[in-house]
Amino acid sequence: MKIMTWNVNRFNGTWDYYRKHHDIEMSERIIYAKKILGKLSEALLSLDDIAILQEVPYRGDNREDEWERNWKDLFEDLSVMFWFKDEPKGKDFNYNGTKNVTIAVTKKNGNWKLRPFELRAIKFGKTKKCWDYVNRYIELENGELSLLGVYISIGAGGQLKAVSESKFSLIAGDFNYNSLIKDKNEENYRSYCKLNQAYEQLIPEDVITDNKTIAGIDKILINKSLSETCKYSICVMDYCFIQETQPYEKKRYSDHNLCISEIEKK
């Protein structure tokens with residue numbers, strides 16, 4: 001099976017949304033979205049293959065329902081899973097304000113299933129009686145396998161610690177952190193060390209996955225207890241360029257690279 005992770009940057013290509021505080025023109029974003037979905041359709045070959053996508057646009061700058069209006073139909077040939085579709089609004093205190101969501105994508109009728117919200121293994125706590133960070137992570141199951149798809153914002157206290165204490169078969173996502181990053185937060189460092197004690201990293205830390213920060217912050221992890229019974233490949237990187245009309249000019253699909261690992265039982 002293929003395990004993939006890709007931060008799609010709100011389908012803005014390499015545009016820095018967080019610095020500019022707005023998206024590029026919708027016509028361009030749709031081009032990037034179609035290119036990204038085309039690449040995923042090529043990569044998702046078996047019913048066990050799965051991709052975790054971060055920073056998928058859910059709401060626009062004016063809080064309109066951008067997912068339903070602009071993006072949902074583009075995914076019609078794939079199966080999309082995330083908690084927002086099925087859960088009451090009150091379970092995520094950011095539901096009305098969040099702009100992005102972490103989702104899982106498989107082939108139609110794929111073998112991975114969304115773990116019910118009530119049965120999730122990770123609980124990030126509550127603010128004003130509502131669950132935190134529901135837009136940033138997702139839990140899935142495939143037979144005996146469990147998978148955490150996650151987007152960790154290091155400034156959002158306790159996320160990395162909660163993940164390091166989890167017991168999933170696989171973890172894939174954007175961690176915004178690795179041991180090569182100078183971080184004065186001792187709790188984050190201890191949590192990251194604990195994570196590495198339990199999981200094998202399939203993306204070497206010195207491999208650049210985020211071209212904006214020039215760092216390896218996207219991760220695919222396999223539980224060490226599972227790695228003893230499986231064959232797995234070190235991550236394959238796909239830099240995903242769009243060829244432009246001007247000679248030698250290329251644009252990336254996203255500011256992050258697509259990361260792919262393959263895993264099979266021995």
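Trainee: Among contacts in the protein chain between residues at least 6 apart in sequence, what percentage join residues at least 24 apart?
Mentor: Bearing in mind that this is a predicted model, the share of such contacts that join residues at least 24 apart is 70%.

Trainee: Why is tyrosine 177 called buried?
Mentor: Buried requires a relative accessible area under 20%; tyrosine 177 has 2%, and therefore it counts as buried. Tyrosine 177 is placed in the loop between β10 (170–174) and α5 (186–198), and, leaving aside residues up to four places away in sequence, the residues that it touches include Ile154, Leu160, Tyr189, Tyr192 and Ile217. Its C-alpha also lies 8.5 Å from that of isoleucine 152, at a separation of 25 residues in sequence.

Trainee: Are histidine 21 and glutamate 55 buried or exposed, and how do you know?
Mentor: The cut-off for exposed is over 50%, and histidine 21, with a relative accessible area of 60%, is therefore exposed. Glutamate 55 has a relative accessible area of 7%, so it is buried. Histidine 21 sits in the loop between α1 (17–20) and α2, whereas glutamate 55 belongs to strand β2 (residues 50–57).

Trainee: What is the phi of histidine 21, and what is that of glutamate 55?
Mentor: For histidine 21, phi is near 65°, a positive value in a residue other than glycine; glutamate 55, which is not a glycine either, has a positive phi of about 55°. As background, most residues other than glycine have a negative phi.

Trainee: Which residues have the most contacts inside the largest nonpolar core?
Mentor: They are Leu53, Val163 and Ile171, in a core of 75 residues. Helix α2 (residues 26–43) supplies the largest share of this core, with 6 residues. Among the residues that isoleucine 171 touches, beyond those up to four places away in sequence, are Leu147, Val150, Val163, Leu195 and Ile220.

Definitions and conventions
Residues numbered from 1 in each chain as written. Predicted model: local features only at pLDDT ≥ 70, side-chain atom pairs only at ≥ 80, totals over all residues. Heavy atoms only, no water. Helix = DSSP H or I, 4+ residues; strand = E, 2+ residues; numbered from the N terminus. Buried < 20%, exposed > 50% of the residue type's maximum accessible area, 1.4 Å probe, protein only. Contact = heavy atoms within 4.5 Å. Core = buried A, V, L, I, M, F, W, Y, C linked by side-chain atoms within 4.5 Å.
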